[in-house]
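Here are my notes for you on this one. Have the structure open next to you and take the points in order.

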Amino acid sequence: CLLGALRAARIERPWLAGILGGLCALSRPTGILVIIPLFDELLLSVRRQTARAWGSRAAALGLPFAALFGYMLYCRAAFGAWAPFMERQTRWRGAVSGPWRAFARYLESPRLHDAHHSTIDLVLAVLLVASLPLLYLRLRRSYALYATAAILVPLTSTLWSFSRFAATIFPFHVLLATLAGP
């Protein structure tokens, strides 16, 4: 859904981008991050827009938020809580803080591989954070913005399953392909 939304935005199909962005927001808690590259592609990257085109693009950007809000309404009706998915994340990964939290938590008790103290996940996190400037130099700005948000959000709590989260951040795969290419 994320890749489809970005492609639709790039080929000037804002409503399709918004619908796919809404599906992305419904697919996982961090799916709402799709709004960052969509905002860049639909509103910031277009040089000349009529007021009507700008309004249509801005309205299409509301679809991911509307989808998430609709799901939250359902959760409230079915479970009595607006965001039980966030409560579940807190239970599994711990309280959130700044993006340095995962590194600080790792240093409390470093191990080769453990739920919150994995050296394997730490190495991957450091590599991905260190590669962020290269993303801005080599890829579209919207991709780099998305990657930045997608990397910083999991780091606000713990390194637990960080490699699993990182595997879904497509701009890093694109960067590796551009570095390995001819």
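1. Start with Ser161, which is partly exposed, having a relative accessible area of 23%. (Partly exposed sits between buried, under 20% relative accessible area, and exposed, over 50%, with a 1.4 Å probe and protein chains only.) You'll find Ser161 in the loop between α8 and α9. Its backbone deserves a look: Ser161 isn't a glycine, yet its phi is positive, about 60°.

2. Before you go on, a word on what you're looking at. This is a predicted model, where local features need pLDDT of at least 70, side-chain atom pairs count only at pLDDT 80 or more, and totals for chains, interfaces and linings use all residues. Residues are numbered from 1 along each chain as its sequence is written, and side-chain values use heavy atoms, with hydrogens and water left out.

3. Now find Glu12, in the loop between α1 and α2. Glu12 is not a glycine either, and has a positive phi of about 65°. With 44% relative accessibility, Glu12 counts as partly exposed.

4. What is the chain built from? It has 10 helices and zero strands. (Helices are DSSP runs of H or I, at least four residues, and strands are runs of E, at least two, numbered from the N terminus.) The C-alpha trace spans about 55 × 55 × 20 Å along its principal axes. Of the 182 residues in the chain, 41% are buried.

5. Next, the inside. The largest nonpolar core has 38 residues, and Leu38, Leu135, Leu159, Phe162 and Phe172 have the most contacts inside it. (A nonpolar core is a set of buried Ala, Val, Leu, Ile, Met, Phe, Trp, Tyr and Cys residues joined through side-chain atoms within 4.5 Å.) Among the elements that give two or more residues to this core are α1, α3, α7 and α10. The top contributor is α8, with seven residues. Another core lies apart from it, of five residues, including Ala25, Ile32, Leu68 and Phe85.

6. Zoom in on α10, where Phe170, Pro171, Phe172 and Leu175 are buried. The cover over these buried residues includes α1, α7 and α8. Leaving aside neighbours within four places in sequence, Phe172 is in contact (heavy atoms within 4.5 Å) with Leu128, Ser131, Leu132, Leu135, Ala147 and Ile151.

7. Is Asp40 buried or exposed? Asp40 counts as buried because its relative accessibility is 2%. It belongs to helix α3. Beyond its neighbours within four places in sequence, Asp40 is in contact with Ser45, Arg141, Ser142 and Leu145.

8. Last, the largest pocket, which holds about 320 Å³ of space. (On a 1 Å grid over the protein atoms alone, a pocket is an open set of points where a 1.4 Å probe fits, with protein on both sides within 12 Å along at least five of seven lines; lining residues have an atom within 4 Å of a point.) The volume is the space filled by probe spheres set on the points, which are joined across faces, edges and corners. Of the 17 lining residues, Pro29, Thr30, Met86, Gln89 and Val153 are the closest to its centre. Helix α5 gives the most to the lining, with five residues.
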